[in-house]
Amino acid sequence: MSDRWYSKAVIYCLDVDTYVDSDGDGVGDFRGLIGRLDYLVRLGVTCLWLNPIHPTPDRDDGYDVTDFYAVDPRYGTLGDFAELLHQAGNRGIRVIIDLVVNHTSDQHPWFQSARSSPDSPYRDWYVWSAEAPPDRHQGMVFPGEQDETWSYDRTAKAWYYHRFYRFQPDLNVANPRVREEIKKITAFWLQLGVSGFRIDAAPFIIELTEPGNPNSPKDFEFLTELRQHVQWRRADAVLLAEANVEPDGLVDYFSDGGGSSNRLHMLFDFMLNGRLMLALARRDPEPIIEALRDTPALPSGASWATFLRNHDEIDLSRLTAEQRNEVFEEFGPDEEMRLYGRGIRRRLAPMLGNDRRRLELAYSLQFTLRGTPVLRYGEEIGMGEDLSLPGREAIRTPMQWSYLPNGGFSSAEVEQLVRPVIADGEFGYEKLNVTAQRHDPGSLLGWFERMIRTLREAPEVGAGSCTYVDVLAPPGVLVHRADDASGAMLFLHNLGTDRVTVDLQSLAGDAEFPNDVFADQEYDPVGKLDALELAGYGYRWIRLHRSPAG
Ligand code: NOJ
């Protein structure tokens, strides 16, 4: 049985500034978060992923860092952060933080120095070109908000490269001093007690940018180097990276080909995310089956991190144009719900019409499919989005805790809030908040708690193999299973609306005393697996067998 904590974790992602404000200045902070750790324990969270916590001009929600060795003073002090690590650790919760080292803010002292003179010791920490690179209008990540990837800097009298916004100059990872600095940054936070990093924009970090070459080579060796360094400093630290790349390029991020993972431990499963959205939109599991079939096998020790929503738009760029339109029509019918021509800037509950059955189905799928589930704050109570906010801010509104003003997020005046709390309609805090759901045993929050508790008793999910069970099932039904030495679980999900009966007696030989451990409703006993009822949008988690030793 695997003892790698990350393959059995439930990761919860939050942005400190929109979680809880303890001192009434309108911005969430570490002390506020410490006060909600017990809430997270009860939910079943075992690892927190904090969006960037460093000082920042905040032009990209903290992904524009001015000091990698400090915390944003609005969140508290480094002492408060150390206390958070301690308090979380006491409760068995690990903390990982965003490592945003593809670029810095243009206000970072390194860039300020670099641009000031060709002789600056930091000049070659960034990527420059004396001439205007002919490919400067290619490779933008934020089309519509960004129209080039090279900008001219008058002070430097040169062009600098920025894969993202122009205020985020790329660091030059080909420079050994930059590589050493990145390692030093990881060492600093590991020393303080974090359990690893969510690596922002991994494919771009390792890009050896050449002006005029839109397909510049990548240096995967840097990932091997970084892994060695991190693992030496803290043996159980994890590297979880964002790398939304084609399936045939994925394995290189995990391993140099030697059979076991010696680069990143985990990657977000963008491939599955897009296919899950398509499957939900079509009410047909085929895209999920394809994703399970088409993704390359992972080297040992490597894992997926699955998600439905994160802090960015839902990225549908790996789907065909036709598939993308199907998802747009179902989940983002209005232009204002879409972003960058490829994504949807909505939370899951409104996307699914706030249909409780469909929401449970979607999250049951996410949590039982391969890999480690990552849950975005607020999803556990079914929060909505605020489309009047620009771009991705729509899905970054403050957590809704209670009926108190500002949803209990902050006691500040409304105008002082880092972002407005959703106040109106069915997703407004007076209707939708943690306190309300705490008093309702049938709430979505209660469902999440029970679901995660059940998952904890099924270690084969996440740590074991996840396979599609190829049987003749009614349309709309996905059958998959999870296996490892500890036991086997069988999962039925009905993405369609019709009640169906599924015959899985061919699996009976593999079962000891098969029984439902979690389901959308009470069903007749599993019996010989030959007539399993399943409601529209229904799901059943059936334990096939469990090793007494596992
Ligand atoms: C990816 C992050 O998820 C996104 O929020 C950010 O804007 C870009 N990287 C740039 O850092």
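A polar side-chain atom of Arg198 lies 3.1 Å from an oxygen atom of the ligand, a polar contact in the sense of a pair of N or O atoms within 3.5 Å. This is a predicted model, where local features need pLDDT of at least 70 and side-chain atom pairs count only at pLDDT 80 or more, while totals for chains, interfaces and linings use all residues. Residues are numbered from 1 along each chain as its sequence is written, and side-chain values use heavy atoms, with hydrogens and water left out.

- Residues surrounding the ligand (a heavy atom within 4 Å) include Tyr63, His103, Phe142, Phe164, Glu242, His311, Arg392 and Arg396.
- By class, this shell has seven charged, three nonpolar and two polar residues; Asp, Glu, Lys and Arg count as charged, Ala, Val, Leu, Ile, Met, Phe, Trp, Tyr, Cys and Pro as nonpolar, and the others, Gly among them, as polar.

**The largest pocket**

- The ligand sits in the largest pocket, meaning that more than half of its atoms lie within 2 Å of the pocket's grid points.
- A pocket is an open set of points on a 1 Å grid over the protein atoms alone, where a 1.4 Å probe fits, with protein on both sides within 12 Å along at least five of seven lines; lining residues have an atom within 4 Å of a point.
- About 610 Å³ of space lies in this pocket, the volume being the space filled by probe spheres set on the points.
- Its lining has 35 residues, with Val141, Phe164, Glu242, Asp315 and Arg342 nearest the centre.
- Helix 6 (202-205), helix 9 (270-282) and strand 11 (314-315) each give two or more residues to that lining; helices are DSSP runs (H or I) of at least four residues, and strands (E) of at least two.
- The lining divides into 16 nonpolar, 12 charged and seven polar residues.

**The second largest pocket**

- About 500 Å³ of space lies in the second largest pocket.
- Of its 26 lining residues, Leu298, Arg370, Gly464, Ser465 and Cys466 are closest to the centre.
- Strand 15 gives the largest share of this lining, four residues.

Terms used
A polar contact is a pair of N or O atoms within 3.5 Å; within protein, one must be able to donate a hydrogen and the other to accept it, and residues adjacent in sequence count only if both atoms are side-chain atoms.
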